[in-house]
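The stops below are given in the order in which to select them.

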Amino acid sequence: MERPLRVAVIGCGAIAQMMHLPTLGERPDLFTITGLADIDRATLDAVGKRYHVTRRATDFHELLSDPQAEAILVLASGGHRKFVLPALAAGKHVFVEKPLALTVEDADAVIGASERAGRMLMVGLVLRFW
C-alpha cells in the first residue's frame, strides 16, 4: 500500500476494544483511525484518548460525511443494516462484524446496496473456516 487505509469506527464496545482497535493501533503502516462513534460518551472518550482519535461522535452519521474516511468498520452490537446502508450510500467501503443482518430481508438490502454503490462489503466471521 502506498499509504495507510483511513478508517472510521462505529461502535467502541467490547469487540472493538479487545480485537479491532488494538489491531488497527498496532499497524499504523496499514491503518489510520480517522474517527470514532459510540452512543456512550464515556466509552467514546476513553477509547478516543487511548487511540489518539480526536474526531468523536455519538451520532455515527457525523463520520460518514468525513472525506478522510475511506472505509467504515461497523462494530456495534445488534442489527447492522442501520449503519451499513448509510455508510455505503456515503461512498464508503464497509467491514461489518457478524451478524451482517438479523433477517434475510436485511441481508438482501445490504448486499444489494453494496453492489449498487460499487463498494466492498466484508463480514468479519472468524468461524467461517472452522
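**Before selecting anything**

This is a predicted model, in which local features need pLDDT of at least 70 and side-chain atom pairs count only at pLDDT 80 or more, while totals for chains, interfaces and linings use all residues. Residues are numbered from 1 along each chain as its sequence is written, and side-chain values use heavy atoms, with hydrogens and water left out.

**Stop 1: helix α1**

Select residues 14–26, which form helix α1. Helices (H or I, at least four residues) and strands (E, at least two) are DSSP runs, numbered from the N terminus. The 13 residues of α1 reach 18 Å from first C-alpha to last, close to the 18 Å expected at 1.5 Å a residue. That expected span is 1.5 Å times one less than the number of residues in the helix.

Now colour Ala16, His20, Leu21 and Leu24, the buried residues of α1. Buried means under 20% relative accessible area, exposed means over 50%, and partly exposed is in between (1.4 Å probe, protein chains only). An α-helix has 3.6 residues a turn, so residues three or four places apart point the same way. Among the elements that cover the buried residues of α1 are β1 (5–10), β2 (31–37), α2 (41–50), β4 (71–74) and β5 (93–97).

Zoom in on histidine 20. With a relative accessible area of 13%, histidine 20 is buried. What does histidine 20 contact, leaving aside its neighbours within four places in sequence? The residues are Ile15, Leu75, Phe95 and Glu97, where contact means heavy atoms within 4.5 Å. A kink of about 40° also lies at histidine 20, shortly before proline 22. The bend at a residue is the angle between axes fitted to the seven residues ending there and the seven starting there.

Next, select Ile15, Met18 and Met19, which make a nonpolar surface patch of about 310 Å². Patches are made of residues with over 30% relative accessible area and no salt bridge; like charges are joined within 9 Å, and nonpolar side chains (Val, Leu, Ile, Met, Phe, Trp, Tyr) within 5 Å. Accessible areas come from the Shrake-Rupley method with a 1.4 Å probe, and for residues only the protein chains shown count as cover. Methionine 18 is exposed, at a relative accessible area of 64%.

**Stop 2: helix α5**

Select residues 104–117 for helix α5, whose 14 residues reach 20 Å from first C-alpha to last, close to the 20 Å expected at 1.5 Å a residue. Its buried residues are Asp106, Ala107, Ala109, Val110, Gly112, Ala113 and Ser114. Glycine 118 follows α5 and has a positive phi, near 65°.

**Stop 3: two loops**

Go to proline 99, in the loop between β5 and α5. The peptide bond from lysine 98 to proline 99 is cis, with omega near -5°. Proline 99 is partly exposed, with a relative accessible area of 35%.

Then move to histidine 52, in the loop between α2 and β3. Histidine 52 is not a glycine, yet its phi is positive, about 55°. Most residues other than glycine have a negative phi, and most peptide bonds are trans. Histidine 52 counts as exposed, at 71% relative accessibility.

**Stop 4: salt bridges**

A salt bridge is a side-chain nitrogen of Lys or Arg within 4 Å of a carboxyl oxygen of Asp or Glu. By this rule the count comes to seven.

- Aspartate 45 and arginine 56 meet in a salt bridge at 3.3 Å, N to O. This pair links helix α2 to strand β3 (residues 56–57), eleven residues apart.
- Aspartate 66 and arginine 55 form a salt bridge, with their closest N and O atoms 3.9 Å apart. Aspartate 66 lies in the loop between α3 (61–64) and β4, and arginine 55 in the loop between α2 and β3, so the pair ties together parts eleven residues apart in sequence. Aspartate 66 is buried at 8% relative accessible area, whereas arginine 55 is partly exposed at 33%.
- Aspartate 106 and arginine 81 meet in a salt bridge at 2.6 Å, N to O. Aspartate 106 is in helix α5 and arginine 81 in helix α4, so this pair ties together parts 25 residues apart in sequence.

Finish by selecting Arg3, Arg6 and Glu70, which salt bridges with shared partners join into one network.
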